[in-house]
Amino acid sequence: MLSVNIPGYVKIDLAHLLLDYNGTLALDGEILDGVLPRLQKLSTELAIHVLTADTFGRAQERLAGLECRFHLIQEGDQARAKADYLQKTGAMNSAAVGNGRNDRLMLEQACLGIALIQEEGAALAALSAADVLCRDINHALDLLLHPLRLKATLRG
């Protein structure tokens, strides 16, 4: 469990971290440098969930060795599928990180939604749905590893 009280905002009590794969953890199917060690550290406090359509077909293989739940999102209404998964984990104790249009509902409904603008870009819908915007996945993960940074960003 990760907790941070944000003055003038809310108290955040997180048990789950939901992550998109391509465009968030990976570029062209390959995990970005620095991501796995940070996720390993976070996995001691949070249940890690990776939700992906797996465009490149390598996500599960690249995540081998990481304690996480892997969930393959099927074709169709992927935004709704991710939001439904979030509801099962408990939106009020989950953080979500993503960059795509299909992440927008998950980012909006999570207790903490973090949108990213990296090499793949970001959908405007994802950006407007999030609580926080980061330019790099490692910066986003560092917000969770160093929660006083969240306090500084979100305080009212």
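With which side chain does the side chain of H49 make a polar contact? In this predicted model, where residues are numbered from 1 along each chain as its sequence is written, local features require pLDDT of at least 70, side-chain atom pairs count only at pLDDT 80 or more, and totals for chains, interfaces and linings use all residues. Side-chain values rest on heavy atoms, with hydrogens and water left out.

The partner of H49 is Y85, at 2.7 Å; a polar contact is a pair of N or O atoms within 3.5 Å, of which, within protein, one must be able to donate a hydrogen and the other to accept it, and residues adjacent in sequence count only if both atoms are side-chain atoms. H49 belongs to strand β6 (residues 47-52); strands (E, at least two residues) and helices (H or I, at least four) are DSSP runs numbered from the N terminus. With a relative accessible area of 1%, H49 is buried (buried is under 20%, exposed over 50%, partly exposed in between, with a 1.4 Å probe and protein chains only). Leaving aside residues up to four places away in sequence, H49 touches H16, L17, L18, L19, R69, Y85 and T89, where contact means heavy atoms within 4.5 Å.

The largest nonpolar core contains 35 residues, and L17, L19 and L39 are among those with the most contacts inside it. Such a core is a set of buried Ala, Val, Leu, Ile, Met, Phe, Trp, Tyr and Cys residues joined through side-chain atoms within 4.5 Å. Helix α6 (residues 137-145) supplies the largest share of this core, 5 residues. A second, separate core of 15 residues includes L51, M106, A115 and A130.

The structure holds 8 salt bridges, each a side-chain nitrogen of Lys or Arg within 4 Å of a carboxyl oxygen of Asp or Glu. K82 and D20 form one of them (3.0 Å, N to O). K82 lies in helix α3 (residues 78-89) and D20 in strand β3 (residues 16-20), so the pair ties together parts 62 residues apart in sequence. K82 also meets D103 in a salt bridge (2.5 Å, N to O); D103 is in the loop between β8 (94-98) and α4 (104-109), so this pair joins parts 21 residues apart in sequence. K82 is buried at 0% relative accessibility, as is D20 at 6% and D103 at 0%.

Within helix α3, R80 and D84 are 4 residues apart, about one helical turn, and their side chains meet in a salt bridge (3.6 Å, N to O). R80 is partly exposed at 35%, and D84 is partly exposed at 36%.
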